[in-house]
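Please look over the structure shown below before reading the notes. The notes are grouped by topic and can be read in any order.

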Amino acid sequence: MHKPSCTDADRRLLAALRDCAEDPRVAAAARALSFAGEHGALWLAAGLAGAAADRERRGAWLRATALVAAAHLASMGVKRMVRRPRPHLPAAEPLVRTAGRHSFPSSHATSAAAAAVAYGALRPAGAHLVPPLAAAVCLSRVVAGVHYPSDIAAGALLGGVTARAGAAWVRQPLEAGRR
């Protein structure tokens, strides 16, 4: 499989965003968001919480959570095939440890985008609350210095497409109940 190469723009944007972590508050936020998004944990917990709180749509929440998990697993599979090394910035060490050595696509971005699409379709509040948090998780990975912007873009695309492809499956019982 061809390894995506990072462009000069990718490197420059990575360096500029990583420089933002010189502010201790930004660094702390990037660390916290990266930790929360590890292995899709934030999004899986949010889906399960939605299922527990929203009895009317419990099945839909569980299916949406399954889509988020499936998207995350798909990104891990792609990552193992592509094997793009993580970025190395000589002037700045990464802010977080990573579970693996490969960066393309970002699994954090994949699960975040899948959650934004899948959960956003279930409740209006989800459509307003999840996308900004998902974007912050995505951005945290570049600020932390462990992903190129193109890793994030590819992960977000994979997550969004996966969730969108399963949207009818998530909504099916909701629409059937309205007939």
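This is a predicted model: local features need pLDDT of at least 70, side-chain atom pairs count only at pLDDT 80 or more; totals for chains, interfaces and linings use all residues.

Six salt bridges are counted in it.

- Aspartate 8 and arginine 12 form a salt bridge, and their closest N and O atoms are 2.4 Å apart.
- Both residues belong to helix H1, which covers residues 8-19. They are four residues apart, or about one turn of the helix.
- Arginine 12 has a relative accessibility of 52%, so arginine 12 counts as exposed.

- Which side chain meets aspartate 10 in a salt bridge? The partner is arginine 84, with an N to O distance of 3.4 Å.
- This pair links distant parts of the chain, as aspartate 10 is in helix H1 and arginine 84 is in the loop between helix H4 (58-82) and helix H5 (107-120). The two residues are 74 residues apart.
- Aspartate 10 and arginine 84 are both buried.
- Arginine 84 also meets aspartate 151 in a salt bridge, at 2.6 Å from N to O.
- Here too the pair links distant parts of the chain: aspartate 151 is in helix H7 (residues 149-165), while arginine 84 is in the loop between H4 and H5, 67 residues apart from it.
- Aspartate 151 is buried, as is arginine 84.
- Shared partners join Asp10, Arg84 and Asp151 into one network of salt bridges.

**Packing of H3 with H5**

- Two packed helices are described by the angle between their axes and the distance between the axes.
- For helix H3 (residues 41-53) and H5, the axes come within 9 Å and cross at roughly 20 degrees.
- Angles under 35 degrees count as roughly parallel, and therefore H3 and H5 are roughly parallel to each other.
- The crossing of H3 and H5 is left-handed.
- On the H3 side the residues that meet H5 are Trp43, Leu44, Ala46 and Gly47. On the H5 side they are Ser111, Ala112, Ala115 and Tyr119.
- Sorted by class, the contact of H3 with H5 has six nonpolar residues, two polar residues and no charged residues.

**Packing of H5 with H6**

- The axes of H5 and helix H6 (residues 124-143) come within 8 Å, crossing at roughly 175 degrees.
- Are H5 and H6 roughly parallel or roughly antiparallel to each other? Angles over 145 degrees count as roughly antiparallel, so H5 and H6 are roughly antiparallel.
- H5 contributes His108, Ala109, Ala112, Ala115, Ala116, Tyr119 and Gly120 to the contact.
- H6 contributes Gly126, Ala127, Val130, Pro131, Ala134, Val137, Cys138 and Arg141.
- By class, the contact of H5 with H6 has eleven nonpolar residues, three polar residues and one charged residue.

**Residues far apart in sequence**

- Glycine 37 lies in helix H2 (residues 24-37). Glycine 37 has a relative accessible area of 0%, so glycine 37 is buried.
- Glycine 37 and serine 107 are 70 residues apart in sequence, but their C-alpha atoms are 8.9 Å apart in space.
- Leaving aside neighbours within four places in sequence, glycine 37 is in contact with Leu42 and His108.
- Arginine 97 is in the loop between H4 and H5. Its relative accessibility is 81%, so arginine 97 counts as exposed.
- Arginine 97 and arginine 31 are 66 residues apart in sequence and 9.6 Å apart in space, C-alpha to C-alpha.

**Backbone features in loops**

- Phenylalanine 104 and proline 105 are joined by a cis peptide bond with an omega of about -5 degrees. Proline 105 is in the loop between H4 and H5.
- Histidine 39 is not a glycine, although its phi is positive at about 55 degrees. Histidine 39 is in the loop between H2 and H3, and counts as partly exposed at 49% relative accessibility.
- Arginine 83, a residue other than glycine, has a positive phi near 60 degrees. Arginine 83 is in the loop between H4 and H5, and is partly exposed with a relative accessible area of 40%.

Definitions and conventions: Residues are numbered from 1 along each chain as its sequence is written. Side-chain values use heavy atoms; hydrogens and water are left out. A salt bridge is a side-chain nitrogen of Lys or Arg within 4 Å of a carboxyl oxygen of Asp or Glu. Buried means under 20% relative accessible area, exposed over 50%, partly exposed in between (1.4 Å probe, protein chains only). Axes are lines fitted to C-alpha atoms, for helices over the stretch in contact, and angles run from 0 to 180 degrees between N-to-C directions. Angles under 35 degrees count as roughly parallel, over 145 as roughly antiparallel, 65 to 115 as roughly perpendicular and the rest as oblique. A crossing is left-handed if the near helix is turned anticlockwise from the far one by less than a right angle, and right-handed if clockwise. Contact means heavy atoms within 4.5 Å. Ala, Val, Leu, Ile, Met, Phe, Trp, Tyr, Cys and Pro count as nonpolar, Asp, Glu, Lys and Arg as charged, and the others, Gly among them, as polar.
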